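Here is a short walk through one protein model, written to be read with the structure open beside you. Turn the view as you go and follow each section in the picture.

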Amino acid sequence: MGGLGPDEQEVLRRWKSIKHIHAFLTREFNLLNRLCFENRLSLTAFSLPPMRLSRRPLENHLGAAFYRPAHRDCPAEIGIFPHLLLNREETRIALAHEMAHHWEWSLPEEKDTESVSMEVERLLKENLQDPRQAEGFRRHHSPRFLGKIQEVAQSLHIPVGKFLFKL
Ligand SMILES: [Zn+2]
């Protein structure tokens with residue numbers, strides 16, 4: 001296990017094998033797909049990138065996982081930084097966030113555009129006070145995405161802020 005940091009070693013100790021982690025992520029994906037996305041999403045590939053590749057602080061959900069849309073022969077992919085797997089609820093929240101990106105990329109826009117609630121607007125203002133950070137966040141999180149994440153939060157009975165930043 002050369003090259004693994006302490007958190008990664010702990011993740012493997014807990015989960016025993018990468019196969020178990022993949023099975024867990026697939027189960028969670030299928031469950032969230034039914035609960036929040038009308039079962040319309042196609043399963044993505046999963047990857048567990050080494051944590052040293054995370055460019056953002058890991059305490060923040062924005063640095064905990066990522067989504068990469070399908071490209072040529074490569075299927076869409078959700079990457080989960082391994083430290084997240086030490087907490088099942090955090091994993092579910094991050095997975096739901098990335099699935100909302102997958103939903104936005106892979107399903108065509110329907111006629112009603114989602115509207116962003118006052119609560120989400122307030123959370124964005126409070127948490128993204130640095131204008132550059134705010135601009136970066138909004139570039140990657142459209143009103144359509146934000147509208148969807150509100151619905152996801154509601155159906156899982158988890159405060160929406162947890163899907164955007166760790167509060
Ligand atoms: Zn995102």
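Which residue stands opposite E77 in β3? That residue is A45.

## Overall layout and confidence

The protein contains 6 helices and 3 strands. Going along the sequence, their order is α-α-β-β-β-α-α-α-α. Buried residues account for 24% of the 167 residues. Of the contacts between residues at least 6 apart in sequence, 71% join residues at least 24 apart.

How far can you trust the picture? The average pLDDT is 86, and 87% of the residues score at least 70. Confidence is highest in α2, with a mean of 96, and lowest in helix α1 (residues 6-15), with a mean of 83. Where pLDDT is low, the predicted coordinates should not be read in detail.

## The sheet

The 3 strands make an open sheet, in the order β1-β3-β2, with mixed pairing. β1 (45-47) and β2 (65-68) are the edge strands; each has a single partner strand, so one side of each has no neighbour in the sheet. On average, neighbouring strands here are turned by 20° against each other, direction ignored.

Now look at the two pairings in turn. β1 and β3 (residues 77-80) pair in the parallel sense over 3 bridges. Within this pair, A45 stands opposite E77, and S47 stands opposite G79. β2 and β3, by contrast, run antiparallel and are joined by 4 bridges; here Y67 stands opposite I78. Strands of a sheet pair through backbone hydrogen bonds, either parallel or antiparallel.

## Two faces of β3

Helix α3 (residues 88-106) lies across β2 and β3, and runs at about 20° to β2. The largest nonpolar core has 29 residues, of which A65, I80, A96 and M99 touch the most other members. The elements giving two or more residues to this core are α2, β2, β3, α3 and α6 (143-156). The biggest share comes from α3, with 7 residues. In soluble globular proteins, nonpolar side chains tend to be buried together.

Apart from its neighbours within four places in sequence, A96 is in contact with L32, C36, V152, L156 and F163.

L35 lies in helix α2 (residues 18-36). Is L35 buried, exposed or partly exposed? L35 counts as partly exposed, because 13 C-beta neighbours lie inside 10 Å; a residue needs 20 or more to be buried, and 12 or fewer to be exposed.

Which residues does L35 touch, leaving aside its neighbours within four places in sequence? Its contacts are S155 and L156. L35 and L156 are 121 residues apart along the chain, yet their C-alpha atoms are separated by 7.9 Å.

Conventions:
Residues numbered from 1 in each chain as written. Predicted model: local features only at pLDDT ≥ 70, side-chain atom pairs only at ≥ 80, totals over all residues. Pairing = 2+ DSSP bridges. Axes fitted to C-alpha atoms, helices over the stretch in contact; angles between N-to-C directions. Contact = placed C-beta atoms within 7 Å. pLDDT = per-residue confidence, 0-100. Core = buried A, V, L, I, M, F, W, Y, C linked by C-beta atoms within 7 Å.
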